2 protein chains.
Amino acid sequence: MSLKFVLLTLLDREPRTGYDLVRTFDTAVGYFWNASHQQVYRELGALADARLVKFKQIEQEDKPDKKVYSLSSSGQKALRLWLENPLKAQKNKDLLLVKLLNANSTNLSLMREELQRNIHDSEILQATYLEIEQRFYSARQLRSLPDNQVMIYAALRKGILSIEAHLAWLKEVDKLLGKTFKK
Amino acid sequence: MSLKFVLLTLLDREPRTGYDLVRTFDTAVGYFWNASHQQVYRELGALADARLVKFKQIEQEDKPDKKVYSLSSSGQKALRLWLENPLKAQKNKDLLLVKLLNANSTNLSLMREELQRNIHDSEILQATYLEIEQRFYSARQLRSLPDNQVMIYAALRKGILSIEAHLAWLKEVDKLLGKTFKK
DNA sequence: CTACTATATGCATCAAAGTGCATATAATCA
DNA sequence: TGATTATATGCACTTTGATGCATATAGTAG
């Protein structure tokens, strides 16, 4: 039920092809969602069957033909209805914590490797996000940011704040592990 | 493939019944995982079929009979193998952000209501977590915390740090929304 | 006496998500 | 000429998740 509303949201902002949608997950929307092309095409098919979206077949000479999808009026209605209803809280399942639950004095180095890897990856992602923020969302640029881009910026901010907290936690756990399980 | 390793992890720490496992999700492990009893029993059945767990049927007089599950040697091997392999990064999908992507000047109040609800719920959860920390994990209690409880505490810390960051972000977004879409 | 709660386990069905496989055009690279 | 990349779409299969239904014992609350 979720991907459905992601696609409706994106198509409401701007008509797109399935291919465009998939690429969107590789860039801006990728901060908080992703889906494989197979999932996207399947869901688009279902949405079209349910008449929530319509599409125009467009022939291209240099590239394969494509279908440009947009919301139908009942699609807009469905989206509006979804917006009006409160979200229910989502639980985030965390496999890293599951792994760490297995920590003991014999596998300490394994666990710390996993933590270090995680710290490393997180720092790289953090650097990437911060660079994007500096390059595209300076105080000056923010003042002239188009309205429909503001929540994309908010998504980036979410990524930045989450990673910061995650890194702080990782370092805390690394200390905790060392103190607890060193022989 | 995930619930499988959660169950193996929990059963490796201590043999349990399906019912015990479900209750674990309602308490400590609930910080970072949950599953319905139907899912748990099905997965336990699959694990038993695959000979990764074994169980003893135990008759009780005052309560219904139960099955106490524990890891088989191949279950332990499977768990160890999983621990040795790096986790792949998980993407957290965020429906709140999807909803906010739809923000515009006509639905501003709707969006702010959603944000306020989220702030309220998060503050309640935060208070709960902080209370648990104060009550069960004071500096004094931490010094005598059994080794196998340390990562449960880490899970709580993860919850606390995540919520703090989430709250900071929510308040940031609320300001951003106000600035952008007020008429 | 009836309802409800706690303990305890499970099946069946359907919706959603993930993965592998498949196809087609056109351009570029080696 | 053959390989790879970008564009573009989709089916089939499997796994996972969610929900409803079903059953059984025993204690407690009203």
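This is a predicted model: local features need pLDDT of at least 70, side-chain atom pairs count only at pLDDT 80 or more; totals for chains, interfaces and linings use all residues.
Local features here need pLDDT of at least 70, side-chain atom pairs count only at pLDDT 80 or more, and totals for chains, interfaces and linings use all residues. Residues are numbered from 1 along each chain as its sequence is written, chains are lettered from A and ligands numbered from 1 in the order in which they are written, and side-chain values use heavy atoms, with hydrogens and water left out.

**View 1. Where chain B meets chain A.** Each side brings its share to the contact (heavy atoms within 4.5 Å): 57 residues from chain B and 57 residues from chain A. About 5500 Å² is buried between the two, with carbon and sulfur atoms giving 68% of that; buried area is the accessible area (1.4 Å probe) lost when two parts are put together, summed over both. Look for B:Phe32, B:Leu101 and B:Met151, which supply 14% of the area that chain B buries against chain A, more than any other three residues.

**View 2. Polar links and helices on the chain B side.** The rule finds 22 residue pairs in polar contact across this interface, both residues at pLDDT 80 or more. A polar contact is a pair of N or O atoms within 3.5 Å; within protein, one must be able to donate a hydrogen and the other to accept it, and residues adjacent in sequence count only if both atoms are side-chain atoms. On the side of chain B that touches chain A, α8(B) gives the largest share, 19 residues. Helices (H or I, at least four residues) and strands (E, at least two) are DSSP runs, numbered from the N terminus. By class, this side has 33 nonpolar, eleven polar and 13 charged residues; Ala, Val, Leu, Ile, Met, Phe, Trp, Tyr, Cys and Pro count as nonpolar, Asp, Glu, Lys and Arg as charged, and the others, Gly among them, as polar.

**View 3. A salt bridge between the chains.** Zoom in on A:Asp94 and B:Lys158, whose side chains meet in a salt bridge at 3.7 Å, N to O. The term means a side-chain nitrogen of Lys or Arg within 4 Å of a carboxyl oxygen of Asp or Glu. A:Asp94 sits in the loop between α4 (73-84) and α5 (95-100) of chain A and B:Lys158 in helix α8 of chain B, so the pair joins two chains. A:Asp94 is buried at 11% relative accessible area, and B:Lys158 is buried too, at 15%. Buried means under 20% relative accessible area, exposed over 50%, and partly exposed in between (1.4 Å probe, protein chains only).

**View 4. Salt bridges within a chain.** In chain A, the side chains of A:Glu131 and A:Arg135 meet at 2.7 Å, N to O. These two are four residues apart in helix α6 (residues 108-136) of chain A, so about one helical turn separates them. A:Glu131 is partly exposed at 44%, while A:Arg135 is exposed at 52%. Over in chain B, B:Glu133 forms a salt bridge with B:Arg157, the closest N and O atoms being 3.2 Å apart.

**View 5. The protein around DNA strand C.** A polar side-chain atom of A:Gln38 lies 3.0 Å from a base nitrogen, and a side-chain N or O atom of B:His37 is 3.0 Å from a base oxygen. A:Met1 instead puts a backbone N or O atom 3.2 Å from a phosphate oxygen.
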